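Got a minute to work out where a few structural labels come from? Have a look at the sequence and the model first.

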Amino acid sequence: MRTIRKLGETLIPVPSVFKTYFHKDLPEDIPFDYTDQIYAGFDSCGVPIIIPKDYNSYDYRETLLPIVGYTLVTKNVCKALASFIKDKKVLEIMAGTGCLTYGLRSFGVNIHATDDYSEELLTNFWIKDLEQLDCIESVRKYGSQIDYLLISWCAQKAPILTVIQLLKHINPKAQIIYIGETKGGCTGNDALWDMVTPIRYNNFYEAVLCYRSWYGLHDRPFLLRIN
Ligand SMILES: C[S@@+](CC[C@H](N)C(=O)[O-])C[C@H]1O[C@@H](n2cnc3c(N)ncnc32)[C@H](O)[C@@H]1O
């Protein structure tokens, strides 16, 4: 167990599976145990303590969130996305900590990340070139050069409709890799789903299978085309 100070908050012990994040390395995978059922270390007799579902997972999530972000980034999911993306160009907007861009770059993806820094996250930890730029300006600046626009856990108040309309205008062939819940879910803005169509593509499913959500959440990767 290791403890880390949540930004401005209390110390919360975090199970060892997550400790790679603190050393700027991604875990291969997050065992289902940590997303379904919470392991809380050992008692004084050395017996593992298992806490029932959802008891403590949000403490772990809240502790990791300022460092990793909302998406549980693992090597497995980055590797699967990278083997789908290949040598195509990607822009990640609302990139938060930049952890996902870091992971994708480590598997060779040509990706640039932007965020307007409106949320208090560790934006200088994973990558040094996380550009401070609003999502609309990001698409205006880079939209014509990309094959994929990556959005994970879209900010609910972000002007996503304008972003999509602008991308459609500038680069109608660009597709969107979206990580979040589907319509009616807790991520992003429902209006997005009226402007896009999920694409069924076998090579993308490995990333979906590798993806892990925190207990109670239903986020996953989607491949979307703009209608
Ligand atoms: C819910 S967080 C998701 C961050 C990251 N993608 C992740 O999965 O952890 C939303 C991010 O969008 C950024 N953001 C909010 N409004 C924005 C805007 N209009 N333009 C660019 N970034 C914005 C915030 O700073 C925050 O980092």
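Here are some questions and answers about the labels used for this model.

This is a predicted model, where local features need pLDDT of at least 70, side-chain atom pairs count only at pLDDT 80 or more, and totals for chains, interfaces and linings use all residues. Residues are numbered from 1 along each chain as its sequence is written.

Q: Why does Pro15 count as partly exposed?
A: A residue is buried if 20 or more other C-beta atoms (placed from the backbone) lie within 10 Å of its own, exposed if 12 or fewer, and partly exposed in between. Pro15 has 17 C-beta neighbours inside 10 Å, so partly exposed it is. You'll find Pro15 in the loop between strand E2 (11-14) and helix H1 (32-36); helices (H or I, at least four residues) and strands (E, at least two) are DSSP runs, numbered from the N terminus.

Q: What puts the buried residues of H6 on the same side?
A: In helix H6 (residues 160-170), the buried ones are Ile160, Val163, Ile164 and Leu167. They cover an arc of only 95° around the axis, so they sit on the same side of H6. That arc is taken from the directions from the helix axis to the C-beta atoms. As a rule, an α-helix has 3.6 residues a turn, so residues three or four places apart point the same way. Thr162 and His169 are exposed, on the face of H6 turned away from its buried side.

Q: How do you know that H5 and H6 are roughly parallel?
A: Angles under 35 degrees count as roughly parallel, over 145 as roughly antiparallel, 65 to 115 as roughly perpendicular and the rest as oblique. The axes of H5 and H6 cross at roughly 10° and come within 9 Å, and H5 and H6 are therefore roughly parallel. Axes are lines fitted to C-alpha atoms, for helices over the stretch in contact, and angles run from 0 to 180 degrees between N-to-C directions.

Q: What makes H3 roughly antiparallel to H7?
A: The axes of helix H3 (residues 75-85) and helix H7 (residues 202-210) cross at roughly 170° and come within 8 Å. That angle is why H3 counts as roughly antiparallel to H7. Among the residues making the contact are Val77 and Phe84 of H3, and Phe204 and Ala207 of H7; two residues are in contact if their C-beta atoms, placed from the backbone, lie within 7 Å.
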